[in-house]
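Here is a short tour of a two-part model for anyone who likes to read a fold from its pairings and packing. Have the viewer open and follow along.

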Amino acid sequence: MNRRNFIRISSLGAGGALLGSFGAARGTSLLDKLTGKGEEGNSRLRPTPTYCEICFWKCAGWVYKNDRGEIWKIIGNEKDPHCNGRLCPRGTGGVGMYYDTDRLKTPLIRTGPRGNQVFRRASWDEAFEFIAKKLDFISKKYGPETVALITHGSGGRLLTTLMKAYGSDAVAGPSYAQCKGPREVGFELTFGSGLESPEPTDIRDTRCLVLIGSHLGENMHNSQVQEMADAIGHGATLITVDPRFSTAAGKSKYWLPIKPATDIALLLAWMNVIITNEWYDKEFIEKYAAGFDKLKEHVAPFTPEWAYGITTIDPNVIRETAREMAQASPSVLIHPGRHVTWYGDDTQRARAVAILNALLGSWGRRGGFYLPESQEIPEYPHPPFPPVKKSWQDSLGGRYPFADQPLANAIIDGSLPGNPGDFQYRGWIVNGSNLIMTMPDTRKTLRAIQELELLVVIDTMPMEITGWADVVLPECTYLERYDVLRNDHHREPVIALRMPAAEPKYDSKPGWWIARELAHKMGYSEYFAWKNIEEFLDYKLKRMDSSLEEMKKIGVKKYERTSGDLFFSAENPPAFETPSGKIELYSDQLAMAGFDPMPRYTPHPEPPEGFYRLNYGRTPAHTFSRTSNNPNLSAIMAENTIWVHPTVAANWQLKEGQSVWLKNQDGAVTEVPARIRITERIRWDSVYIVHGFGHTGKQLSRAFRKGVSDSAMITNVMIDPVMGGTGMRGNFVTFVTENPEKEVKA
Amino acid sequence: MRFAMAVDTRKCVGCSDCVVACQTENDVPIGYCRDWIVEVNDGTYPQLEMEIRSERCNHCTNSPCVRCCPTGASHYSDGGIVLVTPHKCIGCGACIASCPYDARYPHPKGYVDKCTFCLHRVKEGLPPACVAVCPTKCLTFGDTDDPRSEISLLLKKRKFKRLIPEAGTNPNLYFLI
């Protein structure tokens, strides 16, 4: 509460030290020390290990306290390949999440109509009782499969156990169908395996990095940004394809200011140039790929001259960049991107990226994609889960045949009456995902919520979604809790521990505790048979050549690889888990399901007169809408701005810093205005805003009514028929300079 | 000994991690900062150039702030680091007015505050917090009087510029271009 005061006192302490003797520090001995051999630890208290929960990169770090025993700072763990000892601004600012006085403080039960935000305080026991009864009612009346868990972050793992015990497999993350899903499916169809997280991109050693709409450096995918800087340092060629002059574009040898929505045409032209000139990796393709002749025939008409008329990229530049890639091959990386749900043909675009990588021989090659490995984590013993009577797939009504994970958007659609699938969802448990701002088409999300029998929201902050809940459960922040072990794949298998650095503030509780207590209440204790979380973690760690005691000291543990070399080699020959056992340039799987077996360019609608394509993205100091209220991070960026090109500003007589509302093609108007930023960094046919602002929840004292929300403007959602991803870049906006209420009525 | 910092503008992505790390390390009150990011754009679409710089006090060898301080609160410390002694500072603001880099701010406690190159860390053998945290490793801190130091070698190898040289302050922040 009194953090600022406390910090000042600490600051004066440090200031005092500065006045003291410099004797010990004088001379070259001090300089010798500057080699980084010193140890972090101005605090006398030993730091506690954690891994970050501010974003999905989950960098491991150390939490330091000051002399008063209060959380002071978080420093990256040097042993962790996700961060190499350097957290990003969000991880560094993670302390703000802990100190934010707007946090959820106590369980709440709704007393007024849904959405009116009238709640009463409840005890945890009351809240659990309420949820357990309602879940039991839904299970009996509609079946357990009609309850879905929508989750983002580590807390979801044990809630998933609870869902399985209950009899539902509908556990969805917006990280799939609103983000990287099409890419996973596209690469799976081509190479037989997806990319997961962190993507196994060997940016560190690449000679040519190609970014297509991926704004690395504005998204702080930590180790990737670090490796991009390394690549710049050793002179790698950067090629950035982006209609906006992104930070990465500013560091690139080639910036291709492509007309939005035409990326597939460029990718096809690159394939054309590389095949026509026989610049592809012949040995790699002959040995390991299937369907090359069909691909060659397919791309023959897609010359750079053909692509010029579509993409507006000079044919010479297309040829020159293709040659740069070929010269670097196989140490070239066409980055697969992460948020790739753009136009509804995203799986096909991901396929095009995968195929181009295959032609250049970069899969499984140094400077391309490495072969990742993760550590198997043993299960804590529990009885088998009950069989799922109806699966999430049954709710899809035969759509999206290649979806390999539940789709958050299909759960929302499936909660509305008239769902074409086998059943309608009746209850949601939402964990760490502010669906109001995460999902496109806010109005539809709200309509779906009104149909539910139960909405439970577990969060640390009073996000907008909590206002619509029947029960709100306040989770403590990651700095106050244990969690499941982190075991993402990497160059070497590596695990990380999160343990509490402080007691939970207020009446908030750890996610694992919430899942277990709810399980007890519902009679699923046998699935949570561990005595306490320490015993649960220690059981696993003891079977992994470690222990909780050891992990508390080291935070991060690496293991030897057991799957062979990091790249393909004579000892580790390429293997592909596709039906043909080869890289599938031509996809029989897609053909048989009635989709294009090879990517094809299809034109997408263009903005009508007076409208501009809405592009959105990230900023380094924020993670979507979840950090906009963080005191440390909102100090860096408190609101987003609407980027417009100077000619657009001139046409509309917009002034720098002027507040305007946005209105989209369907008449939706932003609830809050945002300021105009006039910049040459954007095309005249688009506007750009950073995602995650424009909060309407007034309990978020710093973020309330700051900036605009892109989610409210994304009412045209182009669903990828292959896997159900939500294409969100086909929305067009115009400016409302005054009286937005009039516009809403119209 | 002459402490200095090199900022590699080719690597810096302007993420502001240096700003956040400085705030937590040095208890800078929220809403103020000792270091900051500057983005400079040049040209018209699509012929554009961008430079991103992490900026802070230049710890000038010829510091106008030290010269104009009426109480001696602003002074040169170890290795030429320019510091403010809070209890000697009367908050008159002459140093703020004299600094061509706008590197100082009035701390709500009544004294003027600025970057210290994290001297408290340097004394422990640690690099400044901003240098330690930078994900792109674009910041290099060290002694330019030592010809074998990393920063000296970097300045020999790379082209660099200093800001507002016409002010005659002889700044110790180098921007690699």
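A:L662 has A:F735 as its bridge partner in β26(A). This is a predicted model, and that residue pair belongs to the antiparallel pairing of β21(A) with strand β26 (residues 732-736) of chain A, which runs over four bridges. β21(A) also pairs with strand β22 (residues 674-678) of chain A, again in the antiparallel sense, over two bridges. How enclosed is β21(A)? Five of the six residues of this strand (residues 659-664) are buried, so β21(A) is largely enclosed by the rest of the structure.

**An open sheet in chain A**

Elsewhere in chain A, seven strands form an open sheet in the order β5-β4-β15-β14-β13-β6-β7, and the pairing is mixed. Which strands stand at the edges? They are β5 (119-121) and β7 (171-172) of chain A; each has a single partner strand, so one side of each is left without a neighbour in the sheet. Further in, you can follow β13 (residues 427-431) and β14 (residues 454-459) of chain A, which pair in the parallel sense over five bridges. For a pair to click on, take A:N431, whose bridge partner in β14(A) is A:I458.

**Two helices that cross**

Helix packing deserves a look too. Two packed helices are described by the angle between their axes and the distance between the axes. For helix α5 (residues 124-141) and helix α19 (residues 511-522) of chain A, the angle is about 55 degrees and the axes lie 9 Å apart. That angle makes α5(A) oblique to α19(A). The crossing of α5(A) past α19(A) is right-handed.

Which residues bring the two helices together? On the side of α5(A) they are A:W124, A:F128, A:E129, A:I131, A:A132 and A:L135, and these meet A:E517, A:L518, A:K521 and A:M522 in α19(A).

**Backbone details worth checking**

Two cis peptide bonds come up, one in each of the chains discussed here. In chain A, the bond joining A:S197 and A:P198 is cis, with omega about -10 degrees. A:P198 is found in the loop between α7 (174-191) and β8 (208-212) of chain A. In chain B, the peptide bond from B:Y45 to B:P46 is cis, with omega near 0 degrees. B:P46 sits in the loop between β2 (36-44) and β3 (47-55) of chain B.

Positive phi values come next. A:K58 is not a glycine, yet its phi is positive, about 55 degrees. This residue is in the loop between β1 (48-51) and β2 (60-65) of chain A. A:E278, also not a glycine, has a positive phi of about 55 degrees, and A:E278 lies in the loop between α10 (263-276) and α11 (282-288) of chain A.

Is A:K58 buried or exposed? With 25 other C-beta atoms within 10 Å, A:K58 is buried. A:E278, in turn, counts as exposed, having 8 C-beta neighbours inside 10 Å.

Stepping back, here are some overall values for each chain.

| Chain | Helices and strands | C-alpha extent along principal axes | Buried residues |
|---|---|---|---|
| Chain B | six helices, ten strands | about 50 × 40 × 35 Å | 51% of 177 residues |

For chain B, a compact globule of 177 residues would have a radius of gyration near 16 Å, and the value of 16 Å for chain B agrees.

Take contacts between residues at least 6 apart in sequence: in chain A, 73% of them join residues at least 24 apart. In chain B, 55% of such contacts join residues at least 24 apart.

Definitions and conventions. Residues are numbered from 1 along each chain as its sequence is written. Chains are lettered from A and ligands numbered from 1 in the order in which they are written. This is a predicted model: local features need pLDDT of at least 70, side-chain atom pairs count only at pLDDT 80 or more; totals for chains, interfaces and linings use all residues. Two strands pair if DSSP finds at least two bridges between them. Two residues are in contact if their C-beta atoms, placed from the backbone, lie within 7 Å. A residue is buried if 20 or more other C-beta atoms lie within 10 Å of its own, exposed if 12 or fewer, and partly exposed in between; C-beta atoms are placed from the backbone. Axes are lines fitted to C-alpha atoms, for helices over the stretch in contact, and angles run from 0 to 180 degrees between N-to-C directions. Angles under 35 degrees count as roughly parallel, over 145 as roughly antiparallel, 65 to 115 as roughly perpendicular and the rest as oblique. A crossing is left-handed if the near helix is turned anticlockwise from the far one by less than a right angle, and right-handed if clockwise. The radius of gyration is taken over C-alpha atoms; the globule rule is 2.2 Å times the number of residues to the power 0.38.
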